[in-house]
Amino acid sequence: MIVAENLVKEFKVLERRPGLLGSLGTLFSREYRVVRAVAGVSFELPAGVKAAYIGANGAGKSTTIKMLTGIMRPTSGRCLVNGLEPYRERRRTAAGIGVVFGQRSQLWWDLPVPDSFRILRRIHEIPDPVYRRNMARYRQLLDLDALGSTPVRQLSLGQRMRAEVAASLLHDPAVVFLDEPTVGLDLVLKEAVRELVNQVNAELGTTVLLTSHDIGDITAICDQVLVVNHGEVVHQGTMHELLRTADTRAVVFEYRDGPTPEQAVALVEDRLDGASAGRIDGGRIKVEYPARRWSVRQVMGFLLEHFDLTDCVAPEPDLETVLRRIYARRAGTREVPV
Ligand SMILES: Nc1ncnc2c1ncn2[C@@H]1O[C@H](COP(=O)(O)OP(=O)(O)O)[C@@H](O)[C@H]1O
Ligand SMILES: [Mg+2]
């Protein structure tokens, strides 16, 4: 279980002035600028959920995870992970969490992966049966044997990331934080990581908080999404609820006889105010319409009335489009969760 209450993190950064005189000036004037990386983030995640923490670059995701894992102390506000305040009780918190930062390693750089695992086993005092069960799982899903006796520093990024994810889960943590865990991985390796996370969640009820730029990761793993923008949570709910906030919906249909495709497109655009239509592959027509103006029922009614439909699908709104619209909003304009 993860709770964040009005979490704020500010960084003081030295203001640099351009040019030589400017940099000399800072020696004396010491002007600081405050960067508000996390601006009052609140959310609650029950145990066992797999949540995506989504936001544009610089939205404050990594900083939030650093506070939740005890690496950083919040400027104000508070958080609880497994009932503990991470930055006050770092050691006890560490026993119950796993962390992967895609940009940074937790493995021993000069040692082969199996040695790192043996050290982690000691640190966490992992019982034999748990260690054996987990090693068997990783061997199968992540092909750890192939890593052999190569020191971590010589591994490819893909090999290292697989080992990182495995290492974070080795002690059966109740919560795992994955910050860009598939960065640099090819599709096959991404899928192996996704499967591992899903398997561990299904078997052990591990809570997952994931950030990723890969929409595929998010849809393959997560059942909840938190969207942060300008350091604030602007949406929390299921993926389906997030997608439902899309202001444009689409429907793709196929028909027989009747109007030519050009006539069909013209008819749709003429009658459905605000809609745009176009031919896509195989003579099908794709209609995009404003969700506020037309209901699904009205659009379907229109199509049934004017076309002898042979097929009709309504693709889910595109996550990237939905996110782009959210990011484009000004700071402080909150979305009411649906
Ligand atoms: N140690 C730091 N000192 C100063 N600014 C920082 C530091 N860490 C992060 N920031 C700033 O805080 C903001 C949020 O960063 P981060 O949490 O890394 O975002 P994200 O992970 O969402 O891309 C960015 O503007 C970043 O430049
Ligand atoms: Mg980050």
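Me: How many nonpolar, polar and charged residues form the shell around ligand 1?
Reply: This is a predicted model: local features need pLDDT of at least 70, side-chain atom pairs count only at pLDDT 80 or more, and totals for chains, interfaces and linings use all residues. Residues are numbered from 1 along each chain as its sequence is written, chains are lettered from A and ligands numbered from 1 in written order, and side-chain values use heavy atoms without hydrogens or water. The residues around ligand 1 (a heavy atom within 4 Å) include Phe11, Val13, Asn57 and Lys61. By class (Ala, Val, Leu, Ile, Met, Phe, Trp, Tyr, Cys and Pro nonpolar; Asp, Glu, Lys and Arg charged; others, Gly among them, polar), the shell has 5 nonpolar, 5 polar and 1 charged.

Me: Which element gives the most to the shell around ligand 1?
Reply: Two elements give two or more residues: strand E1 (2–14) and H2. Elements are DSSP runs numbered from the N terminus, helices (H or I) of at least four residues and strands (E) of at least two. With 3 residues, the top contributor is H2.

Me: How far is an oxygen atom of ligand 1 from a backbone N or O atom of Ala59?
Reply: Backbone atoms of several residues approach the ligand's oxygens. A polar backbone atom of Gly60 is 2.9 Å from one. For Ser62, a backbone N or O atom lies 2.9 Å from a ligand oxygen. For Ala59, the distance is 3.1 Å.

Me: Which strands stand at the edges of the sheet of 3 strands?
Reply: This open sheet has the order E2-E1-E4, with antiparallel pairing (at least two DSSP bridges). E1 and E4 are joined by 5 bridges; among the partners, Val3 faces Leu80 in E4. Each edge strand has a single partner, so one side is left without a neighbour in the sheet. The edges are strand E2 (32–45) and strand E4 (76–81).

Me: Which strands of the sheet of 3 strands does H2 touch?
Reply: H2 spans residues 61–68. H2 packs on this sheet, with contact meaning heavy atoms within 4.5 Å, and touches E1, E2 and E4.

Me: Which residue of E9 is the bridge partner of Leu226?
Reply: The open sheet of 6 strands has the order E5-E6-E7-E3-E8-E9, with mixed pairing. Its edge strands are E5 (97–101) and E9 (232–237). Strand E8 (residues 224–229) runs antiparallel to E9, joined by 5 bridges. The partner of Leu226 is Gln236.

Definitions and conventions. Axes are lines fitted to C-alpha atoms, for helices over the stretch in contact, and angles run from 0 to 180 degrees between N-to-C directions. A polar contact is a pair of N or O atoms within 3.5 Å; within protein, one must be able to donate a hydrogen and the other to accept it, and residues adjacent in sequence count only if both atoms are side-chain atoms.
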